[in-house]
Amino acid sequence: MINGDSTQAIEGLALLIGGSGLAGLFLGGIKGMSLGLAISSVIAILIGFNDLLSGDTTKQVKGFIELVAGATGLVFVINLIRGGTKAGLMGLISPLTLVVAGITALASGIVLVTKNWSKMNGIERTISVLGLIAIAAASAAAAIGALQSAWSLGIAAAAIVAGTVAIAAAVSSANKRAKENIPQLAIGTNYVPEDQLAYIHEGEAVIPKKFNSQEYFGSGNQETNSLLQTLIEKVENIEINPYTTIKDVGVTAVDYIKSKQRQTGRSVIA
């Protein structure tokens, strides 16, 4: 089943193309409607091409649908100009329309499936491949003139539509599942084991890799703890003068730390 994003794409296209056609019909009759439909179809193709090549899967699915609808709309306009409204409507299931729509759906479908192949499971891959096969078979049959009757042309048109819907549904399903599997690090993590997507929330902070490495922190807390333990042992072994104050111990500790810094050339406390 196509998700809400794809449904919105279909509804948007219907409004764009239908609205442009009605506006053109009102302003200039059949010629005006043809012009309006032609412009909206070209816009749909341009937007669809851009969306298909984007890095967002939701946009890619929309672009896939927009390209198929836009190409079909252009063929409809050609038939409309050549023979009027009846010819335009009849032309929706003509061999020319099927070939153009099929080739567009096949080419853009291959791009869409290829870009999202790694996200899909076995069932989704099978559905998408079957959808491509259905589109290719119907387009090839129309191209070689094997479809002559209205019934056979209708079956081919249905196959192209079904293949388009199957591909969009498979990719949408894979994208939805991928989003659900994105980790949410609300409780925090001190190390991310591999490159991955993750949701971040308001008020959280992201630390760059170089500030979360041993190179930045030196040898880490282990060396600091070792030096502190050495300092404690030395202090414990000192014969405390009854007149020694806390200040004297502190001064001795500071002198020791400064001495270690001069020897190592760096701070002993990470």
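1. Does glycine 154 count as buried, partly exposed or exposed, and what is its relative accessibility? Glycine 154 counts as partly exposed because its relative accessibility is 27%, where buried means under 20% relative accessible area, exposed over 50%, and partly exposed in between (1.4 Å probe, protein chains only). Glycine 154 is in helix 5.

2. The model is predicted: local features need pLDDT of at least 70 and side-chain atom pairs pLDDT 80 or more, while totals for chains, interfaces and linings use all residues. Residues are numbered from 1 along each chain, and side-chain values use heavy atoms, without hydrogens or water.

3. Helix 4 covers residues 122-143; helices here are DSSP runs (H or I, at least four residues), numbered from the N terminus. From first C-alpha to last, its 22 residues reach 31 Å, close to the expected 32 Å, which is 1.5 Å times one less than the number of residues.

4. Glycine 145, with a positive phi near 80°, follows helix 4.

5. Buried residues of helix 4 include Leu132, Ile135 and Ala142. The buried residues of this helix pack against helix 3 (95-116) and helix 5 (150-180), contact being heavy atoms within 4.5 Å.

6. The largest nonpolar core has 17 residues; such a core is a set of buried Ala, Val, Leu, Ile, Met, Phe, Trp, Tyr and Cys residues joined through side-chain atoms within 4.5 Å. Helix 2 (57-90), helix 3, helix 4 and helix 5 each give it two or more residues. Another core, of 10 residues, lies apart from it and includes Ala142 and Leu153.
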